[in-house]
Structures are given as C-alpha cells and as structure tokens.
Amino acid sequence: MLELSTIWAGIIAFAVLTYVILDGFDLGIGILFPFAKTDKDRDVMMNSVTPVWDGNETWLVMGGGGLFAVFPLAYSVVMPAIYLPVIVMLLALVFRGVAFEYRWRTVRARWFWDVAFHGGSTLAAFCQGIALGALVQGIPVEDRLYAGGQWDWLTPFSILTGVALVIGYALLGATWLNMKTKGELQRQMRSFARPLMLMTLALIGLVSLLTPFQDPIYLIRWFSWPGVVFSVLVPAIVAVVAWILDRSLREKRDYQPFFCAIALFVVCFIGIGISFYPYMLPPSLTIAEAAAPDSSLAFALVGAVVLLPAILAYTAYTYWVFRGKIDPEESYH
Amino acid sequence: MNLFANFDAETLARIQFAFTVSFHIIFPAFSIGLASFLAVLNGLWLWRKDKVYLNLFNYWKKIFAVGFAMGVVSGIVMSYQFGTNWSVFSDTAGPVIGPLMAYEVMTAFFLEAGFLGIMLFGRERVGPGLHMMATAMVALGTLISATWILSVNSWMQTPAGFDINELGQFIPVDWWSIVFNPSFPYRLTHMVLAAYLTTAFVVAGVAAWHLLRRNRTAEVTRMFSMAMWMAVLVTPLQIVAGDLHGLNTLEHQPQKVMAMEGHFDSHPEGAPLILFGIPNEDEKRVDYAIEIPKLSSLILKHDPNAPLDGLDTIPDDEEPPVAIVFYSFRIMLVIGFAMLSVALWSLVQRVRGRLNEDRCLHRTSVLLAPSGFVAVLAGWVTTEVGRQPYTVYGLMRTSDSLSQVDAPSVATSLIAFIIVFFAVFGAGTFYMLRLMGKPPVEGIQKSHKPIEISILAEAA
C-alpha cells in the first residue's frame, strides 16, 4: 500500500513542476522583454500571457500552501533556511505581477513598469534557482528546527543553479513566443531559442556533474545499482529531446519547440526527484518524517483527488479559449 | 535598519505580519464586493438588455483588474509569511490549519485565477453564457476564499476539534468542528458584509464624485442608486451581525471584550458603557471617561444589572494591549454608524425623489468612500490585537511561534516590504483613482480594439 505521505509528495512535486513550466514561460517572457525591438512587440509578448498569468502563479501558492498543509515540518524548516531568496523572490513577483496591469494604465511611466516586469521576472527566476540549489546542497535540521546559518544558501553552486533557471525559463519563454506570435517577433524569438537551448544544455550538464559532490547520498544514488541505470537513461533522454528541439527549430515548427523545452524541464525535474527520493530535504528529513499526521493528509487528499483534475480541466479550457497566434491589433486593455 | 535597531526579532516579525496582512486585506475586502457587483451587473445586462449595465460592467472591470492584481501578489507574499517568520507556529498548527489553506487554494484561488482571464478578456471569444458563468465563478471564488481563510483565523481564535500529540503539534480529530469552530459563522458573516459595504461605499463615492462634477449620465445615477440600496440593506444587517459577533467573543474570548470596553475593573452591579476616554494601562483605568451607567451590561448581557468581569480578573501576562483595541473598536463603530446615517439619509432623499440632487449627500458619500477600508482594518486590529498574547488562543503564545531567524534579517525584509508595498500599491491605488476619476461613458469598449488608443489619448 502506498503511504499517504508518498502520494502527497507526488502531488506537491506535480504542483511544483506545473508551476515551473507554466510560470516558467511567462517569467521567461519577462526575461526576454528588453530584447524586443519595438513597443508593439512588447505589447504582443505581454498579451500572449495576460489572460493566464494569474492561474500560472497560483501553482506557486499551491506549492507553498500544499507544503504547509501536508509537510508542515518541511515548510517550517525550508523557509527560514532560504529566507532572503524567498523574500526577494516574493518582492520581485510583486513588481512583475502588477506590471501586467500597470503598464497599460500609464504612458509616462510605462518604461518603469517594463523595467519592473523584466527585472522582477529575472530576479524571481534567479531566486527560485538559488532556492533549488540550496535544497540540493542540503539543509541541516536539529530538533525540528533549521540548524544552519542565514547565508548558507549562498554558494557558487546555488548561483549556478540560479543562472541555469534564468536561462532555462528564457528558453521556455522564447519557444512559447515562437508558438504564439508571427512575423518579425516570431523570427527573432526563434533565433534566440537555439543559443538558449545550447546554454541550457551546458548548464544542465554542469549542474548534473556537480550535484553528486554536494552530498554523498547523491553519489551513492547515481553510481550504484539501480541508480546507475538512470545515470545512463536521463542524459540519453535529454540528448534525444535536445535533438528534436533543434530539428524543430530548423524546420520552423510552431508547437514542437515549446513542448520539447517543456520535456527538457520534465526530465530534469525527474532527475532531481531521483536524487531526492525518499528524502524531502536531503539529508535531514525523509518524506515520511516531514509529513503531517495521516488525518491531515487524508482530509486534504479527498479534496485534491476531486479538485486537481477539475482545476486542470478548466485551466486547459482557458488556454483553449485564448489559443492561436496573438493578433498584434487586438489589445486586451 | 537603525530605525529598528532596538527591536527584537519577535516584535519585528509581528510588525511585518501586521503590515503585510493589513495591506493584503484591503484588496480582498474590495474584490469580494466588486466581483459580486460585476456578476450582478453582467446578469442585469444579459437579462434586461440595458446598455447602462454593460457600460458599468466594463467600467468597473478595469478597476477590478488592477485591484485583483494587487490582491494576487500581496496574497502570494502572505502564503509564505507563515513559514519565513513563524515557522514554529507553522510546524505546530500546520496539521490543522494547513489543509484548510490548501482547500482555499484548490477551491478558490484556482477558480478565481482560472476564470478571471475569460471574465476580463473573453466575452467575444466564449459568448455571453459562458462569459456570465466565468464572471459568476470569479465572484464565487472570492466568497469561497473568504470562507476558508476566516475558518482558519476563527480556529486560531476559538480552537476546537483537535488534540495535542507527543511532539506538541495540534492534531486534527474532528474536521467538522475544526472548520465550523465556535466563532467562524459570526466572523465570516461580519467580514463578507464588511466587504460588501466597503465596495458599496466606494461605488457610491465614485458616483457621487461624478454627480458633483455634473457628469450626470445614466450610468452614474444608476450606480449611485444601486450602491445606496446596498448600503440601506446591508448596514443594519452588519450592525446586527457585529453585535452577535461581539456576544460570541464575550463567551469565548472575554479578555478581548474587556479591552474593547475598557473595563479594567469588574462591575458586580452592572457595567457602564465607556463612550470615549483614554485608557491608562499603567494605572489600569480609563482617564477622562465619558460613560453611560449600566449600558454595557444591557448590551452584552441584556440586563442592566448583570455583573461583568474586568481585566482585574485576568493574570497580567494573559491580557491583550488595551489602548489599541479600545481605540480601533471605536473607530470601527463610528464608521459603522456614519454609514448607517448616510444610508438612512439616502433613503429619505430617494423617497423625496432628490437622490441625485442632494449635493450635501454627495459630498458626504465622497468623504465616506474609503471609510469601509478603515473600518475593516480597525475591526481586524481589534480582533487580532485583542487575542494577544496568543496565536492559538489560550494554547500557543505568540512568543513561542517565532522562527529561528535573527532580528537583522527580519528588519531588512520588513524595510523592503514597507518600501515596495508603499511604492507598488501606492502606484496601483493612483491608477485605480485615475480610472475612477473618468466618468463611465456610453460607448467605451464597444469592441476591445481601440481601447488602448483611447486610453493613450486620454492620458496624453
């Protein structure tokens, strides 16, 4: 029988992955914002996500709120451990979130909200990458409390994962825009996608090579049976996805590059999952140790089983309603 | 940072939570009411085919979008405040309140965010029926959200249905009693009515502003009339709901009521109602008190001679701060009765057919436009400061809830929040006021194409 805590770890992982993909491409648009050649292009870029960004960001609340609900110990240890990156990320998200509305409400200060959108998106992505790096490095726990220092998260490794996520999100953003726009803007975004892909691959490789040295448990995981199977499999899948992505860009496809970029993220995310399992916070807390009592898990699970499929259905419906290329003449505001 | 050099981490964390949550509550208080108003407007447009309703919908929808964006981003901050500064509380109370908040996300946040795009931008794409459904879903989402979060807050005030395990965590035993804990129905009713009143007075204030500026269009008079009907119907209900909530608080959190009333001393033969005074916490008395004998006992016990205990019966380390609670409660009451007066005044003028003519009423309405926000904040200050020194009432102290973070980190993030929130939400408020400053005019947003241009032209 599956433990309730394992099922919940799967649901939280799913929520985080969904967040990374969905907000990934709309943060990516913010990261690419200053490269747009005209104001009109920036309008189109932003309009491509205007109707859906709220929903995308709600998955972050689901990740945080879900963690609080079912793994309160993990939540209460992680937040103080990555205190400053979390605070900076939240403030960055404030700036880029309001920019969606504010930039249409002013002419004189539009440049400011454009800068806020770009800066906020980039900084939020960077902080999320740092948080990931800090988790991989390991978070010491004593007596159900965070036992490290205020700056433990800041290392060359976490900076590297921060940069990697910014570049990765930019790749998602570029391939999203390749799918949603036409004309000169699409050509420009397509031309960005290839170098971004190469940089993303290089950073994935670098992070993957350094990860086993962050903690011995990863070394054992990846270089002993059966983990060694994944050590061959995961890079092989990354290579295949990258090859398809590259070909689809050369063939000027609309949809394929975006879904290939998503696949890259999914594979990397599974790789992180392989590293972590059965830990929630390696090397201190396992999933079972971090979990709330079964009565909490069961109560919340009833809702999740019914509600998450419904949420996915109406989210998909919203994307369907706003499908297709963005008409540069059409404005939402 | 020198500004906060003398504060410890706990004080700073409390200031930070109070600051971020106070900013946040302003936006939901507005969007709960406005979402329902928009659903009603859209429904009336589809039913009556009266263009005035559509124009009003399109006018308020833009203001709603700005307010909603501010609510979303300040809400994301809130969902991480529990972990960053109050991690011990999160670990201890998480098994009970965490699942309720997860339900809030799954039943409300996604619903609002998922259908907001269609509500704001999708009318032409999905047709009137589905657009109406999306609009209704957004309104429903705001109400569901209020339900869960008020259940969480109420559980912290009047905990029920739990056990405490060997780790000291609160463990759920009976979810029904947790969700429907003793103060929840009262608090929920009081807050939802407050949100509706807040919105009604904003709408009335905007309409009155345009009436004073002689922008007397059908849209303006219609929304003034609708807002004033809302005030007439809801204000009396709110006073009854507030009274019942107060009686419930007397039963479960008597210290809070003692602080609200300024009753330092027990009154075995009927307690006076202190209308105003200056609480003197050192001397444990209210200076310069203006009081009406026995009225407090009459209100709280429905008997002028009923004995009422004072704070002298409570150990000092279990008392809430009195002055803040005493003042904020009175601010809320004064605003409540000001709203009631305006509502009755508008009713008289409506009967006399002078609703759109009475400029004095219009000026007062403009003045009262932001009063709902002040009342909401004052009410929350009353209830939150009044339940100190506990986070989970009677069981977990605020001082035992704090994270292992040092004061400089909390001070730095606090300063960052203050600067960013004032700048960002100041700008947002400015944009909302500018939208409100333009009259709702016939023909705006007939199709959504030329709008951007028209806004550019108007702003230029």
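Analyst: Two strands pair if DSSP finds at least two bridges between them. Strands (E, at least two residues) and helices (H or I, at least four) are DSSP runs, numbered from the N terminus. This is a predicted model, in which local features need pLDDT of at least 70 and side-chain atom pairs count only at pLDDT 80 or more, while totals for chains, interfaces and linings use all residues. Residues are numbered from 1 along each chain as its sequence is written, and chains are lettered from A and ligands numbered from 1 in the order in which they are written.

The part to look at is a pair of strands in chain B. Strand 3 (residues 273-280) of chain B and strand 4 of chain B run antiparallel and are joined by six bridges. Opposite L273(B) stands I292(B) in strand 4 of chain B. The two strands form a hairpin with four residues between them, and K284(B) in the turn has a positive phi of about 55°. Strand 4 of chain B covers residues 285-292 and contains Y288(B). Y288(B), which is not a glycine, also has a positive phi, near 50°. Y288(B) counts as exposed because it has 8 C-beta neighbours inside 10 Å. On this scale a residue is buried with 20 or more other C-beta atoms within 10 Å of its own, exposed with 12 or fewer, and partly exposed in between, the C-beta atoms being placed from the backbone.

H302(B) is not a glycine, yet its phi is positive, about 60°. With 9 other C-beta atoms within 10 Å, H302(B) is exposed. P320(B) lies in the loop between helix 9 and helix 10 as well, but P320(B) is buried, with 22 other C-beta atoms within 10 Å. Leaving out residues up to four places away in sequence, P320(B) touches Q255(B), K256(B), A259(B), V325(B), V385(B), G386(B), R387(B) and Q388(B); a contact means C-beta atoms, placed from the backbone, within 7 Å.

L281(A) touches A74(A), V77(A), V78(A), L135(A), I139(A), V141(A) and A290(A), not counting residues up to four places away in sequence.

Helix 3 of chain B also holds M119(B). M119(B) is buried, with 29 C-beta neighbours inside 10 Å. Apart from residues up to four places away in sequence, M119(B) touches H131(B), A134(B), T135(B) and V138(B).

The contact between the chains takes 65 residues from chain A and 61 residues from chain B. Helix 3 of chain B gives the most to the side of chain B that touches chain A, with 22 residues. By class, that side has 39 nonpolar, 17 polar and five charged residues. Here Ala, Val, Leu, Ile, Met, Phe, Trp, Tyr, Cys and Pro count as nonpolar, Asp, Glu, Lys and Arg as charged, and the others, Gly among them, as polar.

Chain A has two cis peptide bonds to note. One joins Y277(A) and P278(A), with omega about 5°; P278(A) is in the loop between helix 11 (256-276) and strand 3 (279-281) of chain A. Another joins P282(A) and P283(A), with omega about -5°, and P283(A) lies in the loop between strand 3 and strand 4 (285-286) of chain A. Most peptide bonds are trans.

Last, helix 1 (residues 4-32) and helix 7 (residues 156-180) of chain A pack at an angle of about 95°, with their axes 7 Å apart. This makes helix 1 of chain A roughly perpendicular to helix 7 of chain A. Angles of 65 to 115 degrees count as roughly perpendicular; axes are lines fitted to C-alpha atoms, for helices over the stretch in contact, and angles run from 0 to 180 degrees between N-to-C directions. The residues of this contact divide into 12 nonpolar, three polar and no charged.

Technical notes: Two residues are in contact if their C-beta atoms, placed from the backbone, lie within 7 Å. Angles under 35 degrees count as roughly parallel, over 145 as roughly antiparallel, 65 to 115 as roughly perpendicular and the rest as oblique.
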